[in-house]
Number of protein chains: 2
Amino acid sequence: MILRPTNVVGEASLIQGYLAPLSGGYFGAFGLKDDAALVTPPPGHSLVITMDAIASGVHFFPDDEPADIGWKALAVNVSDLVAKGASPHAYLMSLAFPQPPTQAWMSGFVAGLAEAQAAFGLQLIGGDTDRRPGPVCITITAMGLVATGSMCQRTTARVGDIIFVSGTVGDSALGLKVRGHSTDAKSWGLDDVQRAHLVGRYLRPRPPIGIGAGLVRYASAAMDISDGLIKDLGRMVAASGVGATICVDKIPLSAAALVVMRLEPKARDIILAGGDDYEVLGTIAQTDWDAFVATVANAGVSVTRLGTIVSGGGVRVVDGEGGDILVNLDGYDHF
Amino acid sequence: MILRPTNVVGEASLIQGYLAPLSGGYFGAFGLKDDAALVTPPPGHSLVITMDAIASGVHFFPDDEPADIGWKALAVNVSDLVAKGASPHAYLMSLAFPQPPTQAWMSGFVAGLAEAQAAFGLQLIGGDTDRRPGPVCITITAMGLVATGSMCQRTTARVGDIIFVSGTVGDSALGLKVRGHSTDAKSWGLDDVQRAHLVGRYLRPRPPIGIGAGLVRYASAAMDISDGLIKDLGRMVAASGVGATICVDKIPLSAAALVVMRLEPKARDIILAGGDDYEVLGTIAQTDWDAFVATVANAGVSVTRLGTIVSGGGVRVVDGEGGDILVNLDGYDHF
């Protein structure tokens with residue numbers, strides 16, 4: 001006997017059967033039964049709003065677990081909110097399918113969204129669904145709250161500031177390389193746990209949700225890194241009219257990434273130029289550094305000093321002896 | 001000599017060369033140079049937020065004028081805001097192209113968005129751009145302002161209320177039928193001006209932007225009609241736990257639609273079940289009707305009484321003598 005997968009039939013069952021539970025008790029979501037959502041920021045607060053899409057075959061693989069796809073769709077948006085110092089609050093989602101998804105796929109997708117909602121602290125409040133040709137595509141608009149006037153911008157880095165990054169860099173790009181290729185993982189000397197760590201960082205990015213209070217209080221500029229450390233740092237300094245010098249030896253690496261560095265000559269370029277880190281890159285005045293590190297450590301977030309903002313422009317990468325390092329900058333361009 | 005069209009090259013030139021001017025002087029758009037936008041509603045106000053996508057080959061034709069596509073992408077979102085009683089304020093836009101657009105296409109698209117921005121009173125404040133397979137797709141998240149507590153909902157129609165619609169119904173669905181088919185238009189008895197009126201309503205929907213104050217003050221429920229009058233009315237009464245009786249002779253028609261009604265037997269079904277009207281459908285207590293009509297007339301909006309909310313459920317359509325009319329309900333389902 002062959003069991004055929006059962007598809008979700010109709011927009012109403014997709015919304016009320018699968019998506020409405022994600023709106024929980026959020027008043028302004030109206031159980032996803034209205035045409036629009038309602039958000040009322042508390043007095044003295046502003047909304048930080050970001051919009052990012054992920055598409056099958058471009059940002060994720062068609063055979064990725066639907067729960068991982070749901071998690072990632074939300075996490076890449078939350079990453080922008082976190083890097084601005086905002087507390088995630090609510091999101092809208094536009095879903096496009098070339099054909100109706102199976103019930104199993106939708107259940108998994110919604111489960112991954114629910115996990116991400118719980119981890120990051122926000123709820124679904126609206127959106128739309130469409131059938132159209134092309135890849136499965138999930139477009140999310142996420143909103144976070146900040147005290148008015150306290151959003152961290154990317155254009156405000158100042159000469160002399162310390163450049164920092166949260167967590168570790170490069171795991172996701174390395175994870176993408178070994179996703180589904182256990183042979184490559186072995187040639188890199190990775191055991192199963194290390195490989196799973198790297199792949200997990202690609203499939204389920206975890207923006208450092210606790211960093212907000214420290215950013216708002218101390219950061220002179222901040223952004224998330226999604227297109228590669230060097231490329232995104234280049235954008236920050238260009239937008240701020242300054243330059244950066246960072247030391248490659250200071251870049252924080254996971255145990256698994258350190259293993260790859262020993263055996264794979266291209267590992268450093270992958271780590272510096274690869275994407276999907278979803279960590280926070282920012283700048284802090286020298287005098288605020290110790291207080292910033294202590295504040296974010298209290299919230300469970302580690303940050304590492306990479307280098308210094310300098311006058312001029314561009315990103316200079318040096319080794320431990322101060323010698324220049326050329327980086328192969330093939331970071332992802334969205335367009 | 002053949003002049004080749006020149007494509008837009010790179011995400012940075014797409015954003016800074018074409019889109020950034022649409023952000024005007026909106027402070028929280030940061031010139032589209034940051035990762036997120038910032039919105040601070042005035043004290044006592046809430047944000048009404050909606051999200052709708054349009055895709056080539058589904059919601060518009062690949063050879064539609066790019067200016068019309070830009071207008072429509074924004075107008076279908078503004079329609080939801082207007083029907084909730086909100087003043088359009090700002091929007092984010094996610095653009096997906098399978099290949100880089102030509103400079104001419106982008107210039108036209110941006111010009112159409114700029115016209116719609118000026119007509120509806122909102123600005124671009126953020127979004128993202130992607131290259132991916134599949135049709136050109138424009139996903140917009142639009143935000144409007146309402147005094148807190150005054151958003152019109154769709155679930156709150158009450159037995160005895162008058163059912164109204166703004167403007168005229170069916171023009172857009174008829175316009176879709178004669179788009180590019182001038183022969184059909186002639187067989188329907190339409191002159192060039194009438195045909196252009198109908199096609200124009202399809203290409204450039206104009207939500208009744210002046211209706212907001214009247215809705216907020218008097219409407220017991222409201223929504224926009226985008227998927228067909230009868231289908232959307234059915235959704236409103238289902239969500240409100242009531243029924244509706246409307247008279248088909250009361251449905252407001254344009255001069256062009258009246259011409260088609262004389263010669264095309266299917267015209268009535270097209271008008272009742274066709275989509276893309278982007279007018280407001282709502283309910284008003286009997287005692288408030290005259291004041292509502294006067295208020296919206298002052299703002300340049302005409303509204304027409306279609307019938308009455310009744311107990312029970314479903315939508316009953318009757319003719320001038322009270323006889324039941326069966327409607328062929330093939331209104332658009334998004335999914």
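The buried residues of helix 11 of chain A pack against strand 6 (162-166), helix 7 (212-218), strand 9 (279-284) and strand 10 (303-310) of chain A. Contact here means heavy atoms within 4.5 Å. Helices (H or I, at least four residues) and strands (E, at least two) are DSSP runs, numbered from the N terminus. The model is predicted: local features need pLDDT of at least 70, side-chain atom pairs count only at pLDDT 80 or more, and totals for chains, interfaces and linings use all residues. Residues are numbered from 1 along each chain as written, chains are lettered from A and ligands numbered from 1 in written order, and side-chain values use heavy atoms, without hydrogens and water.

Which residues of helix 11 (residues 289-298) of chain A are buried? They are Trp289(A), Phe292(A) and Val296(A). Buried means under 20% relative accessible area, exposed over 50%, partly exposed in between (1.4 Å probe, protein chains only). The face turned away from the buried side carries exposed Asp290(A) and Asn298(A).

Now look at two rings. Trp289(A) and Phe292(A) form a tilted aromatic pair, 6.0 Å centre to centre, with 45 degrees between the planes. Rings of Phe, Tyr and Trp (its six-membered ring) pair if their centres lie within 6.5 Å; planes under 30 degrees apart are stacked, over 60 edge-to-face, the rest tilted. The two residues are 3 apart in helix 11 of chain A, so about one helical turn separates them.

Just after this helix, Gly300(A) takes a positive phi of about 80 degrees.
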